Amino acid sequence: MVSTLEDRVRPPAAAGGPLSTQEFFINMGPQHPSTHGVLRLVLKLDGETVREVIPVLGYIHRGIEKIGEHQTYRQFVHLSDRLDYLSALMNNWAVSLTVEKAAKIELNDRIQVIRTIMAELQRIQSHQLWWGVLGMDLGAFTPFLYGFRDREVLTDVFEETMGARLTMNYIQPGGLMQDIHPNFVERVKSFLKYFKPKLAEYEELLGGNVILQERLRKVGRLEAKTAVSMGATGPVLRASGVAHDLRKKEPYGVYSKVAFDVPVGTMGDCWDRYWVRIEEMRQSMRIVEQLIDNIPAGKHLLVKPAIVIKVPQGLYYGQVETARGILGIFVVADGTGYPYRIHLRTPNFNNLWSITAIAPGLRVADLVAILSSLDIVVPDIDR
Amino acid sequence: MGLITEKLPLYLDPVPGSSWFLGKLDEVINWSRANSLWPLTFGTSCCAIEVMMAAGASRHDVARFGAEVARPSPRQADLLVVAGTIVKRMAPRLRTLYEQMAEPRYVIATGSCVISGGPFIYHSYSTLRGLDGVVPVDVYVPGCPPRPEAYFYGILTLQKLIKEGETVRRPGERRKPVLAALPAGMTVDQIQEEMRSLLVTEKNSGDRRNG
Amino acid sequence: MDNEKLLAALKTLEPQISVRENADRLAVTVPCERLGAFMSKLKLENALRFDILYAHTAIDWVAENRFELIYILSSLEHGHSLMVCVSIPRDAPVAPSVSSIWRIAEWQEREVYDMFGVLYRDHPDLRRLLLEDDWQGFPLRKDYKDDFMLEKPQ
């Protein structure tokens, strides 16, 4: 009943005749520059054409779910940073939101507004990195430098408030770790002013490039129906034409009070995924602009850090829209300060699965474009 | 060329009255090894963003320390920067990568995970608690993840070791690794000062040899 | 559909379901042998149309000697969501696969097999997902022991 990888990759018997071809298997990864980490794809190839993709996971499986059973809810937040480290704040928020809903902790407006601003800034930051890396994967090194140049501006803003550049551990059940820095509002405004023309530059530099368009347009199409069945979420799902965004559908934070659009693609190809993310950056800036001027007054932490938050017995599932899709936290609580079981429904795990539907029939070089447009973060897949 | 005419004479003694220089070949070789490290593109998790990407990008620019030519193939690289957690399943693959690299090869381990297991030390059935059981490590850079500046400190420390001839090992030979930590509570100015002093150790080592 | 209407609709589909208490959304427990038919109705019935399977996982209730399988479903069209729970015995953990209904289930079920050792009938490719094929034991079981694993000193 249970098979192994070896059973899957048994090479087919050679066909007869002098001019016949044979399908073969090659490994892409676990150490490969375009898999963005230690992802391994076993490819079944017919010459240059991909016949089948078998993702092999677990090269960075750290057992976070098991560790989580031995951590209090507040302690677990720092592990969520290390899932999809590019949307660390949104991961923090997902854990906090689930725990707050379960333990019935009410938050004030200040906390909600600051959380929303931070999450949107991080969405921009994450997409900046994706944009740079997409360029690098497809052979252009310049976007990487441009993307990081602008990313560092935001990193500085975060660092000033949170004291960390990447794994912030800032949003806590019951509030925020620290209050925002006095310079925060001013610096975010100057960032918005700085980044708006830069986004136009992004589109000119990479989006307007014929080579890039040739590499992305009509490559790696994912039909809407397949995308839903494959469990894809986030920009990958929206590029396929399904306007499913938790910020609109099940608003959390203060998303119900701000105006923004959900960009939706039509074809579901790599270009749509590219375009959706560029447009999301624009919408995120719109959200931040609406909120940054009136951050309400109030306390930033409503539960004292020394208190161990106890969650009443039950099953809880909370989710947020991170930069890559829906991160769901499933908590089984037994009434103590520790979860009985904690399960992470991570966006990349589910998004990566759709590559098995996209890739067959394409060339090996297109696979790099697809991987890049899916925006994979491997530790988030393996947990 | 500027670098060579400026820095190389530190290792060479001019012969009086002629245009000849005398020096130990080893020292010249070590000097050139230290200043042309080719790291392997290898990142497993969060540290890769800071140490491989942010450090290599425009703001921090690892090219200043001569270690920017990241190679995807281990056969062309001589510096293995292990950026991120290593789990049981990855360890044999990492060992293979290390063994495929050109000699002499150096290893920098960045981040808490490869030092001790970091946040995954307890109750994890798969995370390795430290990298030293898999490959010999020259320099550890602590942090979770370390900042690019901390990584540069690690590179400079490694360069110092190479120049002093301490890291040229025979296969299988183990040596106690160095922890390249920046002390807590250090200010940016102090870090820059420290970096400068590390950079001029070249001069000092030249002086020491002369004296 | 609100929870009461939804529950009524589910009851007409499958009379053997019961409400699972203590969940933050509507949760129903289905007998294991009815799971496959029930799930495909959830997906296909126009009024329900649960087209996205967000998460599938298991809970190890070691004291009660059973596994509880959890399916978290949602409908993009109608916006309602549902938790489906199934109890299976811990010493013979076998459940029907739903991977023909939602393709993502193929991976999620492989993960549950990997972590809990639950076997799925009619799964197209059941093998370990995150751990090596020759790994001994199922780590997320509560009684999992390992020489390598370090307990936190109290």
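Visitor: Which domains does the domain assignment give for chain A?

Guide: This is a predicted model. The assignment for chain A gives domain 1 (5-56) and domain 2 (64-382). The centres of domain 1 and domain 2 of chain A, taken over C-alpha atoms, are separated by 32 Å. Each side brings residues to the contact: 17 from domain 1 of chain A and 17 from domain 2 of chain A.

Visitor: How do I read the size of an interface?

Guide: Interface size is often given as the accessible area lost when the parts come together. Between domain 1 and domain 2 of chain A, the buried area is about 1500 Å². Carbon and sulfur atoms give 71% of that area.

Visitor: What is the buried area between chain A and chain C?

Guide: Chain A and chain C bury about 4200 Å² between them, and carbon and sulfur atoms give 60% of it. Their contact involves 46 residues from chain A and 48 residues from chain C.

Visitor: Which three residues supply more than any other three of the area that chain A buries against chain C?

Guide: Look at Leu315(A), Tyr340(A) and Trp353(A). Together they supply 17% of the area that chain A buries against chain C.

Visitor: Now a helix. What span should helix 5 of chain A have?

Guide: Count 1.5 Å a residue. Helix 5 of chain A has 29 residues (residues 109-137), so the helix should span 42 Å. Its end C-alpha atoms are 42 Å apart, which agrees.

Visitor: Is helix 5 of chain A mostly covered or mostly open?

Guide: Mostly covered. Of its 29 residues, 27 are buried.

Visitor: What is found at the start of helix 5 of chain A, and what follows the helix?

Guide: At the start, Asn108(A) places a side-chain oxygen within 3.3 Å of the backbone nitrogen of Arg110(A). After the helix comes Gly139(A), with a positive phi near 100°.

Visitor: How should I read a positive phi?

Guide: Most residues other than glycine have a negative phi, and most peptide bonds are trans. Asp61(B) is a residue other than glycine with a positive phi, near 55°. Look for Asp61(B) in the loop between helix 3 (46-54) and strand 3 (79-83) of chain B. Asp61(B) is partly exposed, at 29% relative accessible area.

Visitor: Where does Arg49(C) lie?

Guide: In chain C, Arg49(C) sits in the loop between helix 2 (35-44) and strand 3 (52-61). Its phi is positive too, near 50°. At 25% relative accessibility, Arg49(C) is partly exposed.

Visitor: Which peptide bond is cis?

Guide: The one from Cys144(B) to Pro145(B), with omega near -10°. Pro145(B) is in the loop between strand 5 (139-141) and helix 6 (148-163) of chain B.

Notes
Residues numbered from 1 in each chain as written. Chains lettered and ligands numbered in written order. Predicted model: local features only at pLDDT ≥ 70, side-chain atom pairs only at ≥ 80, totals over all residues. Heavy atoms only, no water. Helix = DSSP H or I, 4+ residues; strand = E, 2+ residues; numbered from the N terminus. Expected span 1.5 Å × (residues − 1). Buried < 20%, exposed > 50% of the residue type's maximum accessible area, 1.4 Å probe, protein only. Polar contact = N/O pair within 3.5 Å; in protein donor to acceptor, adjacent residues only side chain to side chain. Domains from an automatic or database assignment. Contact = heavy atoms within 4.5 Å. Buried area = accessible area lost by both parts, 1.4 Å probe.
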